[in-house]
Amino acid sequence: MGRVTERRKVIRIRDGVVSSRPDTLVAEEPMEIRLNGKPLAITMRTPGDDFALAAGFLVSEGVLAGQQDVQNIVYCAGATAEGSNTYNVVDVKTAPGVAVPDITLERNVYTTSSCGLCGKASLDAVRTTARWPIADTPPVRISPELLAGLPDRLRAAQRVFDRTGGLHAAALFSEEGELLDVREDVGRHNAVDKLVGRALQNGELPLSRAVLLVSGRASFELAQKAVMAGIPVLAAVSAPSSLAVDLAAEAGLTLVGFLRGSSMNVYAGADRIAVRAAAAQG
């Protein structure tokens with residue numbers, strides 16, 4: 001299996017002084033996801049948690065809803081013409097009776113580390129495939145003070161970022177602020193898929209009492225993944241897109257952006273943020 005980091009020689013220039021040194025970079029390799037032996041998608045990812053990544057991707061695609069839907073997940077032997085295993089091709093075999101999409105050239109999805117599920121940016125698609133409505137009963141209530149402390153806790157848990165400075169991260173927190181899981185990847189959508197996939201493998205879906213925090217912007221794809229996993233609160237340290245806000249409002253997702261220090265913007269689902277009435281009105 002590929003390593004999470006790799007070393008490369010660089011020329012370093014500091015205050016006019018030139019030197020040569022090795023630098024640690026985050027690894028990026030393609031991974032093909034197959035569904036019952038048929039190619040479905042290719043994503044550029046950081047190797048590691050590959051089975052969780054494949055499972056989480058299929059949750060967001062509406063194929064899987066729980067660990068009972070998966071018969072097994074394996075690396076494909078003989079993935080190359082020479083018969084060797086690259087550990088870059090993963091096949092997910094569904095359990096008998098699980099409905100799978102019609103895999104055609106039009107259905108196949110190509111994802112990259114920056115764009116996520118580029119071929120499926122529609123509110124209708126999420127509405128028709130979501131397995132669970134966001135129904136946190138009783139409603140999750142998060143204080144601004146608790147939210148404000150989450151980015152530092154996520155940053156402290158990023159192991160590979162400390163060595164490379166080149167990874168996105170996603171974390172799940174409980175409504176009390178307990179760190180439940182954190183994943184890193186060159187693609188922010190992959191980090192979320194790894195979280196959701198691990199939750200599926202552990203029988204924890206839907207994540208109806210969890211807060212999802214991402215280290216970057218909140219795109220439509222990330223809001224989609226939160227909704228498909230039943231997550232009620234999505235927070236990001238940067239800006240959301242307009243479509244992410246539209247989806248959050250329609251699906252009942254609380255969406256927080258620009259979460260930096262004690263400041264944040266609540267774009268949808270403000271009822272879950274426990275602010276003082278006077279402050280909210282002002």
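How many of the seven residues of strand S3 (residues 29-35) are buried? Five of them are, and the strand is therefore largely enclosed by the rest of the structure, where buried stands for under 20% relative accessible area, exposed for over 50% and partly exposed for values in between, with a 1.4 Å probe and protein chains only. The model is predicted, so that local features need pLDDT of at least 70 and side-chain atom pairs count only at pLDDT 80 or more, whereas totals for chains, interfaces and linings use all residues. Residues are numbered from 1 along each chain as its sequence is written, and side-chain values use heavy atoms, with hydrogens and water left out.

The protein chain holds eight helices and 13 strands, which are DSSP runs numbered from the N terminus (H or I over at least four residues for helices, E over at least two for strands). Buried residues make up 49% of its 282 residues. Among the contacts (heavy atoms within 4.5 Å) with a separation of 6 or more, 54% come from residues 24 or more positions apart.

Strand S3 has pairing partners in strand S4 (residues 38-45) and strand S6 (residues 89-94), two strands being paired if DSSP finds at least two bridges between them. With S4, the pairing of S3 is antiparallel and extends over seven bridges, and Pro 30 stands opposite Met 44 there. These two strands form a hairpin with two residues between them, and Asn 36 in the turn has a positive phi of about 50°. With S6, by contrast, S3 pairs in the parallel sense over four bridges, and Ile 33 stands opposite Val 90.

Helix H1 (residues 50-60) has 10 of its 11 residues buried, and for that reason it is largely enclosed by the rest of the structure; the buried residues include Leu 53, Phe 57, Leu 58 and Val 59. Just after H1, Gly 62 takes a positive phi of about 80°.

A search of the whole structure finds two aromatic pairs, for which rings of Phe, Tyr and Trp (its six-membered ring) must have centres within 6.5 Å, with planes under 30 degrees apart counted as stacked, over 60 as edge-to-face and the rest as tilted. The rings of Phe 51 and Tyr 75 have centres 4.8 Å apart and planes at 45°, so this pair is tilted. Because Phe 51 lies in helix H1 and Tyr 75 in strand S5 (residues 70-75), the pair ties together parts that are 24 residues apart in sequence. Phe 51 is partly exposed at 26% relative accessibility, whereas Tyr 75 is buried at 18%. Tyr 75 also forms an edge-to-face pair with Tyr 87, at 5.1 Å centre to centre and 75° between the planes. Tyr 87 lies in the loop between S5 and S6 and is partly exposed, with a relative accessible area of 33%. Phe 51, Tyr 75 and Tyr 87 form one aromatic cluster.
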